[in-house]
Amino acid sequence: MIEQYLADFDFNLPLDDATGDPEIVFVRRKLAHVARSEGLDGGYYEAQELAEAFLDAAREANAQIVDEESPARLGLTDILDRGSPYQRALFDTVAELPLPDAASHLCWLTDLMKSRAEMFRPVQSARLASS
């Protein structure tokens with residue numbers, strides 16, 4: 001029974017659920033929508049990298065660091081300069097929010113993307129078992 005369910009598992013199901021859930025704040029629904037077309041590993045790692053960069057930026061803001069060459073600013077600049085359309089879309093989704101809020105929303109997405117990626121092995125095992 002579980003093998004059959006996993007054999008047909010849709011990795012985008014958690015993202016689709018989040019996108020359509022009216023109880024989830026709009027920015028998170030939009031992040032889930034943006035992430036839907038991303039691969040399992042890349043989608044997770046790129047979301048995680050951006051979330052960590054926003055967390056670093058929030059820490060610097062709390063410490064009142066305003067240096068244009070600060071590690072967090074340079075980190076965000078590096079991410080954006082690499083030109084990943086996915087990371088750019090995530091950035092644009094949260095760019096106008098206060099840094100702690102943006103970081104929180106990106107961490108939420110990272111957790112969702114991690115759960116999605118962690119389903120690969122059980123699904124792969126089920127698909128091999130049903131073959």
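Reader: Which residues is His105 in contact with, leaving aside its neighbours within four places in sequence?

Author: Contact here means heavy atoms within 4.5 Å. With that in hand, His105 touches Val25, Val27, Arg28, Leu31, Val94 and Leu97, once neighbours within four places in sequence are set aside. Bear in mind that this is a predicted model, where local features need pLDDT of at least 70 and side-chain atom pairs count only at pLDDT 80 or more, while totals for chains, interfaces and linings use all residues. Residues are numbered from 1 along each chain as its sequence is written, and side-chain values use heavy atoms, with hydrogens and water left out.

Reader: Where is His105 placed, and is His105 buried or exposed?

Author: His105 lies in helix α7. Helices (H or I, at least four residues) and strands (E, at least two) are DSSP runs, numbered from the N terminus. For burial, a residue is buried under 20% relative accessible area, exposed over 50% and partly exposed in between, with a 1.4 Å probe and protein chains only. His105 has a relative accessibility of 13%, so it counts as buried. Another residue of helix α7, Ser104, is partly exposed, with a relative accessible area of 35%.

Reader: How would I read Gln87 in that way, and which contacts does Gln87 have?

Author: Gln87 belongs to helix α6, residues 85–94. Its relative accessibility is 2%, so Gln87 counts as buried. Leaving out neighbours within four places in sequence, the contacts of Gln87 are Glu46, Glu49, Leu50, Ile79 and Arg82. Asp92 is also placed in helix α6, but with a relative accessible area of 47% Asp92 is partly exposed.

Reader: How do I describe two packed helices?

Author: Two packed helices are described by the angle between their axes and the distance between the axes. Axes are lines fitted to C-alpha atoms, for helices over the stretch in contact, and angles run from 0 to 180 degrees between N-to-C directions. Take helix α4 (residues 40–62) and helix α7 (residues 99–118): their packing angle is about 155°, and their axes are 8 Å apart. Angles under 35 degrees count as roughly parallel, over 145 as roughly antiparallel, 65 to 115 as roughly perpendicular and the rest as oblique. That is why α4 and α7 are called roughly antiparallel.

Reader: What is the handedness of the α4 and α7 crossing, and what residue classes make up the contact?

Author: A crossing is left-handed if the near helix is turned anticlockwise from the far one by less than a right angle, and right-handed if clockwise. The α4 and α7 crossing is left-handed. For classes, Ala, Val, Leu, Ile, Met, Phe, Trp, Tyr, Cys and Pro count as nonpolar, Asp, Glu, Lys and Arg as charged, and the others, Gly among them, as polar. The contact of α4 with α7 holds 19 nonpolar, three polar and three charged residues.

Reader: At what angle do α6 and α7 cross, and which residues meet there?

Author: The α6 and α7 axes cross at roughly 140° and come within 9 Å, so this pair is oblique. Their crossing is right-handed. On the α6 side are Tyr86, Leu90 and Val94, which meet Ala102, His105, Leu106, Leu109 and Met113 of α7. In classes, this contact has seven nonpolar, one polar and no charged residues.

Reader: How do α2 and α3 pack?

Author: Helix α2 (residues 13–20) packs on helix α3 (residues 26–35) at about 145°, with 8 Å between the axes, and their crossing is left-handed. Leu15, Ala18 and Thr19 of α2 make this contact with Arg29, Ala32, His33 and Ala35 of α3. By class, there are four nonpolar, two polar and one charged.
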